[in-house]
Amino acid sequence: MSEEQAEQLMQQMQMLETYFSDLSQREATFFSILREATAAIESIQSLGKNPESETLVPIGMGTYIPTKISSNSKIVLNIGAGVAVEKDFPSAINYLEARIKEIEIALQDTAVKKQDAANRLEQGRAQMNQMMQAMQQQKPG
């Protein structure tokens with residue numbers, strides 16, 4: 001293997017490591033969104049059972065205002081691009097469950113890409129090891 005090929009392999013390995021890291025961050029973001037969506041569904045279901053409840057509303061910097069929720073079975077959902085819509089509880093839960101399914105599909109796709117990147121990294125490491133061994137054998141003793 002020439003020095004130029006070794007340099008190319010190193011660059012490819014660095015790109016793959018960056019790609020793998022990006023996929024890992026994306027995966028963590030997806031898991032966070034899943035937890036939030038699941039918690040939101042549980043909260044909506046809880047409100048449906050106990051519409052007159054108390055809660056704390058965050059107003060920033062770890063500051064909260066105690067308030068009472070007097071639910072009229074409506075919830076406001078941010079659907080993206082700064083747009084929010086009012087939905088009844090069952091519709092809001094359906095919307096969130098649909099988003100969960102989309103995230104689960106994205107997670108599966110990310111897992112496949114991560115596995116592929118990990119395999120390619122392993123192959124690259126094996127090539128690097130072979131190259132290093134070949135270089136050591138070529139050195140005059």
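A pocket, as I use the word here, is an open set of grid points with protein on both sides within 12 Å along at least five of seven lines. I am working from a predicted model.

Entry 1: I looked up the largest pocket. About 160 Å³ of space lies in it. I then asked which elements give two or more residues to the lining of this pocket. They are α1, residues 3-49, and α2, residues 89-138. The largest share comes from α2, with 5 residues.

**Entry 2: the lining.** I listed the residues that line the largest pocket. They are Ile 33, Glu 36, Ala 37, Asn 78, Tyr 95, Leu 96, Arg 99, Glu 102 and Ile 103. I sorted the lining by kind and got 5 nonpolar, 1 polar and 3 charged residues.

**Entry 3: a charge and a ring.** Two names from the lining, Tyr 95 and Arg 99, came up again. I found Arg 99 over the face of Tyr 95. Its distance from the ring centre is 4.4 Å.

**Entry 4: aromatic pairs.** I also looked for pairs of aromatic rings. Such a pair is described by the distance of the centres and the angle of the planes. My count came to 0 aromatic pairs, with ring centres required to lie within 6.5 Å.

**Entry 5: the strands.** I turned to β1, residues 52-60, and β2, residues 63-70. In which sense do these strands pair? They pair in the antiparallel sense, over 8 bridges.

**Entry 6: the turn.** β1 and β2 form a hairpin, and 2 residues lie between them. I checked Met 61 in the turn and noted a positive phi of about 50°.

Definitions and conventions
Residues are numbered from 1 along each chain as its sequence is written. This is a predicted model: local features need pLDDT of at least 70, side-chain atom pairs count only at pLDDT 80 or more; totals for chains, interfaces and linings use all residues. Side-chain values use heavy atoms; hydrogens and water are left out. On a 1 Å grid over the protein atoms alone, a cavity is a set of points where a 1.4 Å probe fits but cannot get out, and a pocket is an open set with protein on both sides within 12 Å along at least five of seven lines; lining residues have an atom within 4 Å of a point. Grid points are joined across faces, edges and corners, and a volume is the space filled by probe spheres set on the points. Helices (H or I, at least four residues) and strands (E, at least two) are DSSP runs, numbered from the N terminus. Ala, Val, Leu, Ile, Met, Phe, Trp, Tyr, Cys and Pro count as nonpolar, Asp, Glu, Lys and Arg as charged, and the others, Gly among them, as polar. Two strands pair if DSSP finds at least two bridges between them. Rings of Phe, Tyr and Trp (its six-membered ring) pair if their centres lie within 6.5 Å; planes under 30 degrees apart count as stacked, over 60 as edge-to-face and the rest as tilted. A charge sits over a ring if NZ of Lys or CZ of Arg is within 6 Å of the ring centre and within 35 degrees of the ring normal.
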